[in-house]
Amino acid sequence: MTALPNTHFTNARLADGALVDITVTDGRFSAIAPAGDSALATETPAIETIDLGGQLTVPGFVEGHIHLDTSFYGDAWRPHIPCTGGFDVRERVAFQARNLTAAAPIAVRAKNQLELCVVHGSLSMRSHVMVDGSVGLKHLEAILAVREAHRDLIDVQLVAFPQSGILSSLGTAEFLGEALKLGCDLIGGLDPASFDRDVKGHLDVVFGLAQKHGVGVDIHLHDGGTLGLFEIEEIAARTRALGMQGHVAVSHAYALGEFSGDVLKKAGDMLAASGISIMTNAPGDHAFPPVAALRQAGVTVFGGSDNIRDSWWPYGDGDMLNRANMIGYRSGFYEDHELEAAFDVVTYAGARALRLDNYGIGVGASADFVTLAAGHVPEAVVAVPKGRTVYRRGRAVAKDGKLLG
Ligand SMILES: [Zn+2]
């Protein structure tokens, strides 16, 4: 990105209620002072001054879990096919394979979805990309090109995701290793017990590749009950043994939503001590991780859209503020501090889980921010105002749901 001159933003309302003026230099926040501070304008003359008019000014949202390669957003509508005997990952993967044969090119669908996220204010993203014996590296190659083409708009982390299992899909372990060499930032996994039916064998490959390539781990775990909890314990044990605290996430972790009392307390303490983040999208018809209890235990809980208009479900709009609303709604959050927690899940907690440097509204941070028609964070979470402007490195890139220029 080319160097950008100073820009002054006046009358920005921060999350703590303060009304401030902000200077952006070369894409970073270089000064923040109380609104009307004349010293700021004199010390850092700007070529442009933008009056934000007291709008709520928050950091860019963190889309912590999405599938850029399997969405049909912007493509033909694919009616949802229900599982024949209740939710079954293997069956859904088969439906997905069938749907994808008739889909528009990955590059087109991924671009549609990525831009959808940006216009709503996500400027950092973690996308899982199918890498397995069924598709090899085909999806990844397309997504790497999309990431490169959108580098100026959004930072994208890619997870090499074995959608068809590792041990049950021939050649997958080798493809995963290749994917990490090609540019994937993390290694993924999928229900080691119910899918590959070999927890140790599955995790040996995942953590072996993580160690070999020096990357983090983000595992899809739908398995519920004590089976799911057992897998979380196994993931935590490996994380601690390898000193990977802070580099491992478990996505979905539905099992955590099925326990309470001492069992949940023990799980929360274990996850916190292991530095494992938990991703939830507050799914419609599943138990899901108890956000407040986990945060209380010191666990980083972050959010993601997961599937948008794909073979898993038709929902999703790429708006992480709306996701905060869903997470708060399903969590029974009513008080301001709870609504602020839901907001944290899609902003600062997401940044911690993704290990983003230079995140937030502060001097030195990247000037990636969103201005919203809301008086404060709790109001933004319940009202989900669509009127918003998205700034990337201090430059407006989207307004009211449309990309600019
Ligand atoms: Zn997913």
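Predicted model: local features only at pLDDT ≥ 70, side-chain atom pairs only at ≥ 80, totals over all residues.
Gly-243 follows H7 and has a positive phi, near 65°.

The buried residues of H7 are Gly-228, Leu-229, Glu-231, Ile-232, Ile-235, Ala-236, Arg-238 and Thr-239. Both helices and strands take part in covering these residues. The helices include H6 (199-213) and H8 (261-274). The strands include E10 (216-221), E11 (248-252) and E12 (276-280).

The protein chain as a whole holds 13 helices and 17 strands. Its radius of gyration is 21 Å, close to the 22 Å that the globule rule gives for 405 residues, so the chain is as compact as a globular protein of that length. The C-alpha trace spans about 65 × 50 × 40 Å along its principal axes. Of the 405 residues, 52% are buried. Among contacts with a separation of 6 or more, 73% join residues 24 or more positions apart.

The chain is divided into two domains. Domain 1 comprises residues 7-60 + 358-403, and domain 2 comprises residues 61-353. Their C-alpha centres lie 30 Å apart. Domain 1 gives 21 residues to the contact, and domain 2 gives 22. On the domain 1 side, two or more residues come from each of strand E5 (56-59), helix H13 (377-383), strand E15 (388-392), strand E16 (395-399) and strand E17 (402-403). H13 provides the largest share of that side, five residues. By residue type, the domain 1 side divides into 14 nonpolar, three polar and four charged residues.

The largest nonpolar core contains 110 residues. Within this core, Val-129, Ala-160, Ile-278 and Val-345 touch the most other members. Helix H3 (residues 106-120) supplies the largest share, seven residues. The core draws on both domains, with at least three residues from each of domain 1 and domain 2. Val-345 illustrates the packing around one core member. Neighbours within four places in sequence aside, Val-345 is in contact with Val-291, Val-301, Phe-302, Gly-303, Ala-324, Ile-327 and Gly-350.

Key: Residues numbered from 1 in each chain as written. Helix = DSSP H or I, 4+ residues; strand = E, 2+ residues; numbered from the N terminus. Rg over C-alpha atoms; globule rule 2.2 N^0.38 Å. Buried ≥ 20, exposed ≤ 12 C-beta atoms within 10 Å, placed from the backbone. Contact = placed C-beta atoms within 7 Å. Core = buried A, V, L, I, M, F, W, Y, C linked by C-beta atoms within 7 Å. Domains from an automatic or database assignment. Nonpolar A, V, L, I, M, F, W, Y, C, P; charged D, E, K, R; others polar.
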